[in-house]
Amino acid sequence: MTFVFYYLVALIVLGVTHLVYKWRNPKCNGVLPPGSMGLPFIGETLQYFSPQPLEGIPPFISQRIARYGPLFRTSILGQRVVVSSDPVVNQHIFQQEGEAFQCWYTESSIKILGKNNLNGQHGNAHKYLRNLFLDLIGPENLKGELIHEMDGNTRDHLSSWACKDEVDVKEELEIMVFKLAAKKLLDFDEKQVLEMRDNYKFLKKAFISLPLGIPGTALHAALQGRKKAKKMIKCAFDARRLSKEINLDFIGHLLKEIEDEGTILTEEIAADLVYVLLFAAFETTSTTITLCLKFIHEHPKVLEQLKEEHQQILNDRVDKDCPVTWKEYKSMNYTHMVINETVRLADNAPGIFRKVMEDVNIKGYTVPAGWTLVVCPSVTHYNPDEYDNPYLFNPSRWQGQELHLGSRKFMAFGGGRRLCAGADFAKLQMAIFIHYLVTKYRWKITKEGSISRTPGLTFNKPICVQITKA
């Protein structure tokens, strides 16, 4: 009996040892980048999700770069991953989009966004859906009617802030941007806007999480929210069809596309598209404006320069109260510098994920097909070889530089064919908000708040502001 017991124990030990060895030494037709795969199945997920400071390169990344170099392997959420902080490698990854690499998201995010979402499409399907999106918020539409609608919406919300003792900046900005997006995408009224926004409450927290959709988890709550949101979107489609209204706004354009022969657009794909666009419109934009407000507050000289630029715009007008024009927006050079510096330091995305479609040789290492490559923008954005005193908020560093495109050293809006389609929308909203804040109001931050990365930006305590009309 004792012999059998020890024999079973030996088999278990051998089995576990073999499992650990295979996990830590994955098969590869070449040499893998250095690194650690962590514990079997769990990998280094716990370390990756541990709270990290807002400022600078996340310690999870910086510690491994110091130990292994700019290209290292790890395992996160059960995925075998290679992280790149090398700007030359990053540029190569973006250039090979659709060939050696494809846009990829975690299993949790795919469940939430739907397999038909814009970023889950490739090739001609992605190009088709992206063009649909750009028809709504591309430069032509922005400089047409959308800039005026954005202007009015921003004015209304800032005016309502002035009637309150203080406001949670992130919360109120979410409402402001979501209202505009839901109105444009679905023609929703105020009540519908608030009801729809509630369906997105857990989405960001669940976006990069363990794929456990059991009750009590953020993923389960996000999936329930998705279900309700999709129902509201399809009801909006049905209501427009029943109304017989001929209106080629976004929802009218979508329905017309669905009915066209030969289209790849189905109602399910259209509903997924709208669901994702609403999230993309309000989440990153509200986060970035909140951080911009924080940085401006901490740097009074920046605020003074913004006031000078926007006061000059008012001085050049005949009608001081007319909406911001596209010409005025394009003239806001210092404002665009502030926006670029904000998104450089904010680094909203913890990483840009690409699935490796075939074995790839990079810098003498082999990254096997099926692995995930993660581009880490923060390492480049905080690189002293690229930016002088990179931890300092200094908008003037952008003087004389390209302000509207991505580059090897500036990846805040992604890169390559997947450059963020909503970048122009977000920058226009930021500029209009800054214009009215610095010309029409006096303001002060009443609560400094607390922000960390887990790994996305998390507002642990809200940043609150009190504003009064100037």
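Two strands are taken to pair if DSSP finds at least two bridges between them. Strands (E, at least two residues) and helices (H or I, at least four) are DSSP runs, numbered from the N terminus. The structure is a predicted model, in which local features need pLDDT of at least 70 and side-chain atom pairs count only at pLDDT 80 or more, while totals for chains, interfaces and linings use all residues. Residues are numbered from 1 along each chain as its sequence is written, and side-chain values use heavy atoms, with hydrogens and water left out.

By the pairing criterion, an open sheet of three strands has the order β1-β11-β12, with antiparallel pairing. Strands β1 (52-53) and β12 stand at the edges; each has a single partner strand, so one side of each is left without a neighbour in the sheet. Helix α13 (residues 267-298) packs on this sheet and touches β11 and β12. The direction of α13 makes about 60° with that of β12; axes are lines fitted to C-alpha atoms, for helices over the stretch in contact, and angles run from 0 to 180 degrees between N-to-C directions. Contact here means heavy atoms within 4.5 Å. Strands β11 (residues 450-453) and β12 (residues 457-461) pair in the antiparallel sense over four bridges and form a hairpin with three residues between them.

Six bridges link β10 to β13 (residues 464-469) in the antiparallel sense, with Ile445 opposite Val465.

Nonpolar cores were defined as sets of buried Ala, Val, Leu, Ile, Met, Phe, Trp, Tyr and Cys residues joined through side-chain atoms within 4.5 Å. Buried means under 20% relative accessible area, exposed over 50%, and partly exposed in between (1.4 Å probe, protein chains only). The largest core has 120 residues, and those with the most contacts inside it are Leu186, Met196, Phe237 and Leu278. Helix α13 gives the most to this core, with 18 residues. Apart from it lies another core, of 18 residues, among them Ile352, Val360, Val367 and Met411.

Not counting residues up to four places away in sequence, Phe237 touches Leu186, Ile251, Leu254, Leu255, Glu267, Ala270, Ala271 and Val274. Helix α12 (residues 250-259) is mostly covered, with seven of its ten residues buried. The buried residues of α12 include Ile251, Leu254 and Leu255.

His310 lies in helix α14 (residues 300-315) and is buried, with a relative accessible area of 0%. Leaving out residues up to four places away in sequence, His310 touches Met332, Thr335, Ala431, Ile434, His435, Val438 and Thr439.

The UniProt annotation "binding site", from an unreviewed entry, covers Cys420. UniProt positions are given in the numbering used here, feature names are shortened, and annotations may be inferred rather than shown by experiment. Cys420 is placed in the loop between α17 (377-381) and α18 (423-440). This cysteine, Cys420, is partly exposed, with a relative accessible area of 36%. Cys420 touches Arg130 and Phe413, not counting residues up to four places away in sequence.
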